[in-house]
Amino acid sequence: MAKLPASVTDLVNRFGPRRHDVPPGGWAPRGEPDRVVKTHCCFCGQQCGIQLKVKDERVIGFEPWEDFPFNQGKLCPKGVKRYMQDEHPDRLLSPLARAEGRGFEPIGWDDALGRTVAAMQRIQGEHGRDAYAVLTGASLTNEKAYLMGKFARVALRTAMIDYNGRLCMVSAAAASKKVFGIDRSANPWSDIPEADVILVAGANVAECAPITTDYIWRARERGAKLIVLDPRMTPIARHADLFIPVRSGGDIGVFNGMLHVMIERGYIDRAFIDAHTTGFDAVAAAVAKYTPEYAAKIAGVPARMIVEAAELWGPAKTSFLMHARGIEHHSKGVENCMAAMNLVVATGRIGKKGCGYAMITGQGNGQGGREQGQKCDQLPGARDIENPEHRRHMAEVWGVPEESIPHKGVSAVELVEKIHAGEIKGLLLICFNPLVSLPDQDFVREALEKLEHFTVIDFFLSETARHADVVLPGSLLEEDEGTITNVEGRVILHQKAVDPPAGARADWKIICDLAAGLGAGDKFAYESPRDIFEELRRASRGGVADYYGITWERIIAEKGVFWPCPSLDHPGTPRLYEGARFGHPDGKAHFQPVEWRPAVEEPDADYPVLLTTGRVVAHYLSGSQTRRIGALDEQCPQPYCEIHPRLAEKLGIAEADFVEVASRRGSVVVRAKVVKTIRPDTVFVPYHWPLERAANRCTIRALDPISKIPEYKICAVRVRKVDRPAGEVAELSPEAGGIR
Amino acid sequence: MSELAFFIDYSRCIGCQACVQACQECDTHRGVSMIHLETVERRDTVQTAPQVCMHCEDPICARVCPADAIKKTDDGVVQSSLKPRCIGCSNCVLACPFGVPKYLASIDQMMKCDLCYDRTSTGKKPMCATVCPSQALSFTTLDENQKARAGTPINEWKFGAEVVRTKVYVMVPPAVQTFEVSGLVQLGKKRAGSAGQPRPRDPNDVADLLEET
């Protein structure tokens, strides 16, 4: 049913994406703002502080917020231009209903909410509660994330809720829990400049967490050594003391090889290992065969690099490990992270100034978004949905019988597979654009086309929302208020700058209205996001991610509070594991032996090139926001294929040629970007674009067995030169999926 | 305490363009960016280089201006051209040793970085140096710079016989005191590694890095 209701050209002409270049009122000087609102950037998990200038109830610009300690005024281009969304001509200003052959027509709010509620009730009545699913996002505030989890479990009573953090932090989260017992970066960012050696694994810091660059450079000014693992020479890798151009998926070779050398040379802390850890013998046995030569074959790099890495990392006094999607987006993503974390535990360099590790969250609320209960296996406070005690606690907070709370559902990709299989027939989606961001795009589109009813809450008509039956226009972060938990575990507050535009509504109100329609209004009788936060505090109380001692007043006064913060007089916990007290019941860190295995799809004779995907600095996630901001889109207007000159020459490809990158699942045509800064066996295509420019047409729907993260970082492709693409999609503007 | 100064450290630059985007947002030249971010040669390297006006002690742009449209403030900031005076001749564009001024045909006027004079004259930092996430661009005192940075700040440039001193500093490796710019210019010179000679290893070429020595 949910094929596009009109041609893609018609939909783009009416709803965008189109570039918007000027602030409200144009560039002419408009005098002093009426007020300046201290808030945060919406793009990425760093959550830089920023001040938005408001005049005549419109956001007209920004001013750096130099007093906010995390970024001290620093911003990346996304932060600078984030304010350009509020008055964007593509904003949805009325609920929409699908109109066959014509696209969408505006309908009233009561009608739109009523249609959605009726579909939920019909589908659940006819096919069972789990036939209606909810997909959410990790850019939602903690309050909204909490609300979405409660909406699914209490109002819909479906087990089928998951979120796009499944594409982001879950490998790091699972590994952290296994090794250290808590799912959070172990240190505040202020520890980074104190480290004597920094290992950056699979993290393009310069583009995906730009302000972290200064923290790393500050360490370098002190003489710290920098090791970078990446198949591409990223901007920070250019200045690394040791750049290891690891083959995507070969990271375990480097980590296990380093540990092998470290054990051999005595670069490990035996006293710490004996007193504060378990499982070392199993890890030592596992890495015994990872001689530099053996490890180098797996990693695809010269053996000497692995020895040098061990020599830099091993004997240092202080050290910091940072990792991100580059090692996490794999069918062995959890194992990759654990192998890296073993290097931290073996040296005992954690829980002290300048010693620790961090996972670099990608999405705005990458950290908090996974703690408040919108993950299929979790309840608020990072509680376990299958733990009877945890269930009882939440039943009490929610005022519902424990047995009414659904059990564990399935992960985002598996949820889409259930839609494809016809088991799930209805979907409510917010803050998620799977028709750019999920792997194997053709499959995802087929799944969406099978839905009997599909409601989307969004502020722009995303590529995914084009398939909806009902679209409910929601709010930007600056049009509402609420907390987010940044990359360090620091809970910060987004203050409201302006109201949502006429016709749109705050997301939380939409959810509460839907809950009321389902007869659960008494459980969603909030007056404000602050009411939701007060309930979240109680819900998280006693959990791992304990927010009970955090209030909005404290957040403002203290410029953020780090969880766990169990009581109002607790200072919060910037650094975890001080005194080597770890999060497991035995108080110890648990080494995890890891054995390398190949990716689900390695290059072969038919598809001989390795494709890896990722981000660029100008765009955020699926690009639904940043492809609409002219200045950012101009910076990177269309995707491209990075290819080494040696491979390019072999394939007869020159700079700016049109090339087709094709896997067994699909293909994209983009321009070639011939660069020496990538491995010759690998090509890279950034993923922020839709339709025929979506790198995820190629990527594989293979999941890590524990975290269920998709294997975005490795699949097998062919690359060939082609003619300029023609056809309807090619003719669209590049921000909509066309090509120039 | 020494006075606030502008420092460029090319080795820190990550090419993110936050400076370019933020420059557009400055109240005095809204919508037009006055900073240049040069991509050195993307095929060969990810190196990028931000270029603000160096604010010469004796600005050549002002010296060659036939309309006397470029003024230097008492505190050493070389301003953009004065609208009523600028005749759009581009003498300054051609004369600047750092390639900074730009002639904007749309307004028939030269505009360039004025160190965000509206901000710096009231004690704020320039927009680019405030937001720069790598702090390749920084605005601080010479004392603070020396406490926090390993490199040497230099502001003296030799172009053959001509020495140019600038208000803006560039961070270079320790021990370098002045910079012989002309020594870097080797236009048209062929790279080493012609027939018969082994090609030297390129530290920015990943394929070279992967080859075992």
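**Exercise 1. Locate Gly351(A), then decide whether this residue is buried or exposed.**

Step 1. Gly351(A) sits in the loop between helix 14 and strand 13 (356-359) of chain A. Helices (H or I, at least four residues) and strands (E, at least two) are DSSP runs, numbered from the N terminus. The model is predicted: local features need pLDDT of at least 70, side-chain atom pairs count only at pLDDT 80 or more, and totals for chains, interfaces and linings use all residues. Residues are numbered from 1 along each chain as its sequence is written, while chains are lettered from A and ligands numbered from 1 in the order in which they are written.

Step 2. Gly351(A) has 20 other C-beta atoms within 10 Å, so the residue is buried. The cut-offs: buried means 20 or more other C-beta atoms within 10 Å of a residue's own, exposed means 12 or fewer, and partly exposed lies in between; C-beta atoms are placed from the backbone.

Step 3. List the contacts (C-beta atoms, placed from the backbone, within 7 Å). Leaving aside neighbours within four places in sequence, Gly351(A) touches Gly356(A), Arg575(A), Leu576(A), Tyr577(A), Glu578(A), Gly579(A) and Ala580(A).

Step 4. Check a distance. Gly351(A) and Val675(A) are 324 residues apart along the chain, and 40 Å separates their C-alpha atoms.

**Exercise 2. Describe the backbone of Tyr577(A) and of Leu691(A).**

Step 1. Take Tyr577(A), one of the contacts of Gly351(A). Its phi is near 65°, a positive value in a residue other than glycine. Tyr577(A) lies in the loop between strand 21 and strand 22 of chain A. It counts as buried because it has 23 C-beta neighbours inside 10 Å.

Step 2. Turn to Leu691(A). This residue, also not glycine, has a positive phi near 55°. It lies in the loop between strand 27 (682-686) and strand 28 (715-721) of chain A. With 21 other C-beta atoms within 10 Å, Leu691(A) is buried.

**Exercise 3. Work out which residues of helix 3 of chain A are buried and which are exposed.**

Step 1. Check the length. Helix 3 (residues 109-127) of chain A has 19 residues; at 1.5 Å a residue it should span 27 Å, and its end C-alpha atoms are 27 Å apart, which agrees. The expected span is 1.5 Å times one less than the number of residues.

Step 2. List the buried residues: Ala112(A), Leu113(A), Thr116(A), Ala119(A), Met120(A) and Ile123(A). They cover an arc of only 125° around the axis, so they are on the same side of helix 3 of chain A. The arc is that of the directions from the helix axis to the C-beta atoms.

Step 3. Look at the other side. Asp110(A), Ala118(A), Gly125(A) and Glu126(A) are exposed there.

Step 4. Go just past the helix. Gly128(A) has a positive phi of about 100°.

**Exercise 4. Repeat the analysis for helix 10 of chain A and name what covers its buried residues.**

Step 1. In helix 10 (residues 280-287) of chain A, the buried residues are Phe280(A), Val283(A), Ala286(A) and Val287(A). They fall within an arc of 125° seen down the axis, so they line one face of helix 10 of chain A.

Step 2. The face turned away from the buried side carries exposed Asp281(A), Ala282(A) and Ala285(A).

Step 3. The cover over the buried residues includes helix 8 (251-265), helix 9 (270-276), strand 11 (277-278) and helix 14 of chain A.

**Exercise 5. Characterise the side of chain B that touches chain A.**

Step 1. Count. 37 residues of chain B contact 43 residues of chain A.

Step 2. Assign elements. Helix 1 (18-23), helix 5 (127-131) and helix 7 (206-210) of chain B each give at least two residues to this side of chain B. Helix 7 of chain B supplies the largest share, 4 residues.

How values were computed. Contact = placed C-beta atoms within 7 Å.
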